[in-house]
Amino acid sequence: MDLTALTDEELNAMREKLDAWLVKHQSSKWGNRFWQFTAIAGAYAVIDGLFNSIQVGVTAPNAFEIVLGCIIMFSWYQGDKRVKSNKSLLKSVNEEISQRGASTKSDSQDVAG
């Protein structure tokens with residue numbers, strides 16, 4: 001995403017939305033713990049399903065447990081990836097806004113001076 005092509009109003013609106021998302025995401029401590037527990041449960045399901053398949057043979061419940069565990073771990077991975085992406089975008093937006101603020105201050109000083 002090219003942040004230099006956006007107007008100041010669009011950048012400010014994007015920063016406000018990302019700030020609101022970050023506050024909501026960081027305030028939910030139990031939500032973060034739940035997602036970590038979910039990822040561990042998904043990994044356990046895959047390992048348990050594979051172990052049972054090796055011992056007993058492949059059955060429908062074992063295959064279902066493996067597939068469900070993979071889906072859970074993939075959704076956790078995508079969510080974690082989205083969090084990192086949003087934090088990176090917020091950092092880029094803040095840097096762009098600060099650069100624009102510094103350039104407008106120097107431009108106004110050149111005109112006044």
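Is N62 buried or exposed?

N62 is buried, because its relative accessible area is 9%. Buried means under 20%, exposed over 50%, and partly exposed in between (1.4 Å probe, protein chains only). N62 sits in helix 3. Helices are DSSP runs of H or I with at least four residues, numbered from the N terminus. Beyond its neighbours within four places in sequence, N62 contacts G49, N52, S53 and G57. Contact means heavy atoms within 4.5 Å.

## About the model

This is a predicted model: local features need pLDDT of at least 70, side-chain atom pairs need 80 or more, and totals for chains, interfaces and linings use all residues. Residues are numbered from 1 along each chain, and side-chain values use heavy atoms, without hydrogens and water.

## The nonpolar core

The largest nonpolar core has 8 residues: L3, L11, M14, L18, L22, L90, V93 and I97. Such a core joins buried Ala, Val, Leu, Ile, Met, Phe, Trp, Tyr and Cys residues through side-chain atoms within 4.5 Å. Helix 1 (8-27) and helix 3 each supply at least two of its residues. The largest share, 4 residues, comes from helix 1.

Look at L18. Leaving out residues up to four places away in sequence, L18 touches N86, L89 and L90.

In soluble globular proteins, nonpolar side chains tend to be buried together. F34 lies in helix 2. F34 counts as exposed because its relative accessibility is 52%.
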